[in-house]
Amino acid sequence: MDFFHDVGIHSLKAPALLFIVMIYIWGFAYSYMTDCFIADNPKEKAELIAQMEVYHYLRNPFWKIGMVISFIITFFYPPFVFIYTAGEMIIATIRSQNKKSST
């Protein structure tokens with residue numbers, strides 16, 4: 001939080017900006033972890049992992065562009081982080097297709 005204060009950003013924006021950055025880091029970490037699982041599993045299981053909707057969502061360039069735009073909007077309007085998070089969760093819930101593996 002001191003970083004935001006040092007660069008002159010009002011402290012009320014700091015938690016919202018930190019939260020949006022954490023979501024972005026989580027997305028990159030999840031994509032990397034999924035890539036590792038795909039590489040380490042047999043072909044049949046790797047295909048199931050690669051078909052996961054969240055993996056496709058996070059690999060889409062629009063997600064990365066959306067995160068940058070979300071950061072900018074959150075910088076000027078901190079409550080937007082709640083709007084973005086709620087929207088992302090609703091979309092993920094609607095598009096989720098849970099499949100059971102055979103093993």
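Helix α2 (residues 14–40) packs against helix α6 with the two axes 10 Å apart and at an angle of about 30 degrees, where axes are lines fitted to C-alpha atoms over the stretch in contact and angles run from 0 to 180 degrees between N-to-C directions. Because angles under 35 degrees count as roughly parallel and those over 145 as roughly antiparallel, α2 is roughly parallel to α6. Ala-16, Phe-19, Ile-20 and Ile-23 of α2 meet Val-81, Tyr-84, Thr-85 and Glu-88 of α6, contact being defined as heavy atoms within 4.5 Å. The model is predicted, and local features need pLDDT of at least 70, while side-chain atom pairs count only at pLDDT 80 or more and totals for chains, interfaces and linings use all residues. Residues are numbered from 1 along each chain as its sequence is written, and side-chain values use heavy atoms, with hydrogens and water left out.

Helix α6 (residues 80–95) also packs with helix α5 (residues 61–76), their axes coming within 9 Å and crossing at roughly 155 degrees, which means that α5 is roughly antiparallel to α6. On the α5 side the contact is made by Trp-63, Met-67, Ser-70, Ile-73 and Thr-74, and on the α6 side by Phe-80, Val-81, Tyr-84 and Glu-88.

The largest nonpolar core has ten residues, including Ile-20, Trp-63, Met-67 and Tyr-84; such a core is a set of buried Ala, Val, Leu, Ile, Met, Phe, Trp, Tyr and Cys residues joined through side-chain atoms within 4.5 Å, buried meaning under 20% relative accessible area (1.4 Å probe, protein chains only). Two or more residues of this core come from each of α2, α5 and α6, and α2 gives the most, with four.

Note on methods: Angles under 35 degrees count as roughly parallel, over 145 as roughly antiparallel, 65 to 115 as roughly perpendicular and the rest as oblique. Buried means under 20% relative accessible area, exposed over 50%, partly exposed in between (1.4 Å probe, protein chains only).
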